Amino acid sequence: MAEVVLKNIGKKFDDHQVINNLNLLIGDGEFVTLLGPSGCGKTTLLRMIAGLETVDNGDLIVGGKRYNDIPPRERRIAMVFQSYALFPHMTVRANILFGLKIQKVSPTRMQEKLEWVIAMLGLQDLEDRLPKEISGGQRQRVALARALVLDPDVLLLDEPLSNLDAALREMAMEELKRIHRQVGKTIIYVTHNQVEAMTMSERIALLSGGELEQYDEPRYVYDRPETMFSAQFIGSPAINFIDGVIAQKENQIGIDSRIGFLLLDKERFGRAGEFTGRKVKVGIRPQNISYLEHRAARRYSDTSLTITVELIESLGDRSLIVGKVSDEITVRFLITREADIALDQEVRIFIDGRRLHLFDPRTQKNIFAARRKTSGE
Amino acid sequence: MSNIVKISALSRKVFWLCAVIFTVLLIIAPVFLLFKYSISDASSINTGGSPVPLWPYNPTFRNFLYLFSDNQFYGVVINSLLIAFFTVIVSLLIGVPASYVLGRYQIPLRKPLLVGLISVRLFPDIASVIPVAEFFITIEAHNTYWGVVLAHTLLALPYVIFIGTSAFEPIPRDLEHQAMVMGANRFQIFLKILFPLAIPGLTAAAIYTFLLSWDEFIFAYFLLGLGRISTLTLYLKQKLAYAPPQNLLATISVCLSFPVIIFSLLLQKHMSAGITSGAVK
């Protein structure tokens, strides 16, 4: 069992609070990503789990054991650094066996382990090379092999793919997932890249300013952002935010906003009536706005809107359109490549009333996302 | 316009070429003269008024043969080698741990210590030799091998620590942390990661120390005088006192500078950067 429990964890650098009262429970064998912008404390948190940074407040419990005062070398934790930190004067073999040699594992056992890990990561024929003689992708795999060979309870990965090019990164993501299935270790993965987090992890812990914004499965983080930060950070292109007030009009519940009256779906927002008169920030993902031509069947809760095309940005398979609603307000949405839209053209778009995200402007919290019960509480 | 650019580019090339040739001449010329004198026959030196030739009339290795037949010469060479060797050993034994700490830890007063260390060497040897010699005499370290070794260590240590510190300093911190996470203790990290990666820099320090001791004269002279133990530099001074022919002195000098030249070339090879390439990224 190697459950990782963080209880009221705090960390200060000088006067700067890097991690603030953080609670997180990572289950045995789970793949959890610590996601957030640079400076959000995710790497610091990882280094605290590894024992490279002290824990100022709270308890760090791994596998039922309080780890706060246990030195790194006695923790059953392996880590892959962003830089890979391969020992430049040692061959691939010596790098992989370094930890086992220190633990004085018998040569036969060492050979077995070496063969196992080399086969798993496809490092055949590279054993006698030096780190500088292999490619970036190979170095990343050696770093991973070096961590896995130690059979740790928990595997920490600090942005291990950030030095790879796009094609390699995609391969490495698949490989990491496969390895996780194969070895079943608890993996804590740090990244600022939402695609990596979405693709690989079972749960995402979204951090901002040293605090936990949301801790949930990737699809829920995307579908039900608990905070405005969450809505903004996850999803690409960035979400639209519009100010408004919850109101009733002609027996319909919706939001009175500067771009018009936005209908709310009754099934999704059953309790909206109770909030009439409340100021909100409406988040609308570009993916949830559709262009007339695309859509034959419309729902009753779709709001139609006329905009003027201000900018067309090609994203390859789709295009991002920036549309002007009024002089000050623009909305961003996606169209397929086939749609024939020109600059300055007036087009009608539809906003999906089921997929609006309503936030309290003061607390920045989602008013309707019934907080899913997560074991991080 | 482009013509002007071309001309200025050309003139710059010419300037650099001249500068390089001048520098090479500056370095090569004395070595050449030394070597020329060491293989000169008497008539090429005492030319009786006519200019000294650029190459001896009858090049000869007689001086080398004479030197190599002198038993005293072998004695002083072995002395010099032994003293230099043990100076290297003692300097590294003291200097490497010091540079490890100064290079890897943010200890208080680190900067002043480093500056203090190197400014010790700003004193001219001739000024510091008197108190050192006096002290060594009171502890009866004069006229001994270990006395000279200790004196030379004194001279070499600031350099060893300075070069050593800059050898330990640039090793990425991640390597240390990685080893730590993998179960290594501080000593194992030093032995298996940091020390091997600092070897190129430490080799440079060792060679430098060897050369410093090998051609050191002042401290050797004050501590050993012209007594029982003699070094190659003292031997040269002793021969000088008997006013021997110039070609013999030149021969001794060639023998003295031979290891210097060899080691300097080796040093260059070891100074090459990029040893830690491939460690990170």
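## Two chains, seen part by part

In chain B, take the contacts (heavy atoms within 4.5 Å) between residues at least 6 apart in sequence: 69% of them join residues at least 24 apart. What you have here is a predicted model, where local features need pLDDT of at least 70, side-chain atom pairs count only at pLDDT 80 or more, and totals for chains, interfaces and linings use all residues. Residues are numbered from 1 along each chain as its sequence is written, chains are lettered from A and ligands numbered from 1 in the order in which they are written, and side-chain values use heavy atoms, with hydrogens and water left out.

**Chain B as a whole**

- Chain B has twelve helices and zero strands (helices are DSSP runs of H or I with at least four residues, strands are runs of E with at least two, and both are numbered from the N terminus).
- Read chain B from the N terminus and you get α-α-α-α-α-α-α-α-α-α-α-α.
- The radius of gyration of chain B is 24 Å, well over the 19 Å that the globule rule gives for 281 residues, so chain B is more spread out than a compact globule (the radius is taken over C-alpha atoms, and the rule is 2.2 Å times the number of residues to the power 0.38).
- Along the principal axes, the C-alpha atoms of chain B fill a box of roughly 75 × 75 × 30 Å.
- Of the 281 residues in chain B, 42% are buried (buried means under 20% relative accessible area, exposed means over 50%, and partly exposed is in between, with a 1.4 Å probe and protein chains only).
- The accessible surface of chain B is about 15600 Å², and 74% of that belongs to carbon and sulfur atoms (areas come from the Shrake-Rupley method with a 1.4 Å probe, and for residues only the protein chains shown count as cover).
- On the charge side, chain B carries 17 positive and 10 negative side chains, and the centres of the two sets lie 13 Å apart (Lys and Arg count as positive, Asp and Glu as negative, while His and the chain ends are not counted; each charge is placed at NZ of Lys, CZ of Arg, CG of Asp or CD of Glu).

**Chain A as a whole**

- Chain A has eight helices and 20 strands.
- The C-alpha trace of chain A spans about 80 × 45 × 35 Å along its principal axes.
- Buried residues come to 55% of the 377 in chain A.
- For chain A, 68% of the contacts with a separation of 6 or more are between residues 24 or more positions apart.
- Chain A has 52 positive and 52 negative charges, and their mean positions are 3 Å apart.

**A covered strand in chain A**

- All five residues of strand β3 (residues 31-35) of chain A are buried.
- A:Phe31, A:Thr33 and A:Leu35 point one way from β3(A), while A:Val32 and A:Leu34 point the other way.
- β3(A) pairs in the parallel sense with strand β8 (residues 186-191) over five bridges (two strands pair if DSSP finds at least two bridges between them), and here A:Thr33 stands opposite A:Tyr189.
- β3(A) also pairs in the parallel sense with strand β9 (residues 203-208), this time over four bridges, and A:Leu34 has A:Ala205 as its bridge partner there.

**Helix residues in chain A**

- A:Ser230 sits in helix α8 of chain A and is buried, with a relative accessible area of 0%.
- Leaving aside neighbours within four places in sequence, A:Ser230 is in contact with A:Leu206, A:Gln214, A:Val221 and A:Pro225.
- A:Leu148 is part of helix α4 (residues 136-148) of chain A and counts as buried at 2% relative accessibility.
- Beyond its neighbours within four places in sequence, A:Leu148 has several contacts, among them A:Trp116, A:Met120, A:Leu155 and A:Val183.
- From A:Leu148 to A:Ile335 it is 187 residues in sequence and 44 Å in space, C-alpha to C-alpha.

**Backbone details in the loops**

- The peptide bond from A:Ser236 to A:Pro237 is cis, with omega near 0°, and A:Pro237 lies in the loop between α8 (228-233) and β11 (240-249) of chain A.
- A:Tyr84 is a residue other than glycine with a positive phi, near 75°.
- You'll find A:Tyr84 in the loop between β6 (77-80) and α2 (92-102) of chain A, where A:Tyr84 is buried at 1% relative accessible area.
- B:Asn143 also has a positive phi without being glycine, near 60°.
- The loop between α6 (125-138) and α7 (145-168) of chain B holds B:Asn143, which counts as partly exposed at 28% relative accessibility.
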